[in-house]
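Look at the chain below and follow it through its parts. The text starts at one residue and then moves to other places in the structure.

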Amino acid sequence: MRILVAGGTGAIGRPLIAELLAKGHTLIALTRSPENASALRAQGIEPAIADVFDADAVSVAVRRARPEIVIEQLTALPRTYTAESMRAAAPFNHRIRLEGGANVLAAAQAAGVRRYLRQSIAFWGVPGRGLATEDTPLSLDASPAVAADARVVSELEHRLLGNPNIEGIILRYGFFYGPGTWFAPDGDVGRQVRQQQFPIVGSGAGVWSWLHIEDAACATVAAVEQGKPGIYLIADDEPLAVNRWLPAFAQWLKAPAPPQISLADAREAGGEDAIYYGMQMRGASNAKAKRELGFRPRPLEWLVESAVAQAG
Ligand SMILES: NC(=O)c1ccc[n+]([C@@H]2O[C@H](COP(=O)([O-])OP(=O)(O)OC[C@H]3O[C@@H](n4cnc5c(N)ncnc54)[C@H](OP(=O)(O)O)[C@@H]3O)[C@@H](O)[C@H]2O)c1
């Protein structure tokens with residue numbers, strides 16, 4: 001199929017493009033940068049140079065590309081994953097998703113694109129017992145940064161799924177790990193864990209759903225080829241509380257054990273958002289993706305390796 005990817009040069013975009021090429025699809029990738037355009041050309045991908053805030057340029061690029069399918073993976077997230085850097089990046093990240101994303105969607109619709117897939121987030125189902133499903137409402141009234149993100153995501157999802165002229169698919173991804181992500185050994189959280197700057201908050205009961213970046217790419221290609229319009233949670237098989245994944249991550253990195261801090265100290269350092277991620281977050285069920293997309297995620301890399309090391 002002929003597919004245009006917006007955000008094809010980022011952390012998820014790179015393995016996604018590799019997987020789409022491996023499956024024989026014809027690709028066009030949107031980028032702002034002439035350097036990225038040259039790198040895309042070298043991979044056999046047609047670049048389309050446009051800034052997503054420039055609605056006219058996006059419209060021309062999409063019309064010229066004549067894609068049957070558009071995949072949107074736009075973000076403006078920082079290289080570091082701290083409360084401060086995420087807070088500072090949030091307004092622009094929201095803008096690129098809302099305004100930039102609206103331009104790409106409008107251009108796709110005008111060009112007669114049949115199917116449109118967009119990135120969304122798996123970790124904002126309202127806290128509660130068990131795993132969140134695709135029907136679980138989002139945490140629109142959670143702590144300030146989480147609620148703001150959840151409201152943006154909710155608007156983006158409604159906008160796409162409410163569009164009667166295009167087959168909309170929402171991919172709510174778990175926490176990315178693997179090459180180019182914050183959770184790679186050379187990523188920012190790897191650095192923080194080595195420096196004992198990434199603590200367990202309280203008892204560490206918050207549950208995180210993980211997703212290797214290459215499994216994210218495979219699930220996305222499966223959704224392109226055989227997904228049905230609607231929402232898919234894409235995450236691995238074993239959502240884990242912070243008190244399990246973080247010590248194992250530290251061990252895998254050969255870092256000291258993570259420090260543990262009280263709820264009061266966490267609140268002072270990171271506000272209520274720190275409590276959400278550390279104590280309240282809810283894991284996500286991947287049952288629908290397994291059933292409908294044949295999704296088979298790998299087990300969490302550092303949990304497997306630390307178990308092997310313990311057994312040895
Ligand atoms: N679920 C998750 O855990 C999750 C989700 C998303 C991101 N992240 C994390 O966030 C970090 C950054 O990852 P990322 O891949 O999203 O960011 P990134 O590497 O900065 O990629 C952003 C993508 O958006 C494109 N883009 C940005 N602004 C644009 C504009 N104005 N016009 C056109 N294209 C534009 C970029 O294209 P050009 O630069 O080529 O123009 C690039 O392809 C990583 O650590 C990743 O793991 C995590």
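Gln 260 lies in strand 13, which covers residues 260–261. Helices and strands here are DSSP runs, H or I of at least four residues for helices and E of at least two for strands, numbered from the N terminus. This is a predicted model, in which local features need pLDDT of at least 70 and side-chain atom pairs count only at pLDDT 80 or more, while totals for chains, interfaces and linings use all residues. Residues are numbered from 1 along each chain as its sequence is written.

A residue is buried if 20 or more other C-beta atoms lie within 10 Å of its own, exposed if 12 or fewer, and partly exposed in between, with C-beta atoms placed from the backbone. Leaving out residues up to four places away in sequence, Gln 260 touches Pro 199 and Ile 200. Two residues are in contact if their C-beta atoms, placed from the backbone, lie within 7 Å. Ile 121 is 139 residues from Gln 260 along the chain, and the two C-alpha atoms are separated by 27 Å.

Next come two loop residues. Lys 254 lies in the loop between helix 8 (242–252) and strand 13. The phi angle of Lys 254 is near 60°, a positive value in a residue other than glycine. Lys 254 is exposed because 8 other C-beta atoms lie within 10 Å. Gln 196 also has a positive phi, near 55°, and is a residue other than glycine. The loop that holds Gln 196 runs between helix 6 (188–194) and strand 8 (200–201). With 13 C-beta neighbours inside 10 Å, Gln 196 counts as partly exposed.

Another loop, between helix 7 (213–226) and strand 11 (230–234), contains Lys 228. Lys 228 counts as exposed, because it has 11 C-beta neighbours inside 10 Å. From C-alpha to C-alpha, Lys 228 and Glu 167 are 8.1 Å apart in space, although 61 residues apart in sequence.

In soluble globular proteins, nonpolar side chains tend to be buried together. Not counting residues up to four places away in sequence, the contacts of Val 5 include Leu 16, Ile 17, Leu 27 and Ile 71.

How do two of the helices pack? Helix 4 (83–110) and helix 5 (residues 144–161) meet at an angle of about 5°, with their axes 11 Å apart. Axes are lines fitted to C-alpha atoms, for helices over the stretch in contact, and angles run from 0 to 180 degrees between N-to-C directions. Helix 4 and helix 5 are therefore roughly parallel to each other; angles under 35 degrees count as roughly parallel, over 145 as roughly antiparallel, 65 to 115 as roughly perpendicular and the rest as oblique. Among the residues that make this contact are Met 86, Ala 90 and Leu 98 of helix 4 and Ala 148, Val 152 and Leu 156 of helix 5. By class, the contact of helix 4 with helix 5 has nine nonpolar, two polar and three charged residues. Ala, Val, Leu, Ile, Met, Phe, Trp, Tyr, Cys and Pro count as nonpolar, Asp, Glu, Lys and Arg as charged, and the others, Gly among them, as polar.

The last topic is the ligand. Which residues come nearest to the ligand? Of the 27 residues around the ligand, they are Gly 10, Ala 11, Thr 31, Thr 75 and Thr 181. A residue is near a molecule if its C-beta atom, placed from the backbone, lies within 6 Å of it. Strand 2 (26–31), helix 4 and strand 7 (175–177) each supply at least two residues of this shell. The shell divides into 14 nonpolar, eleven polar and two charged residues.
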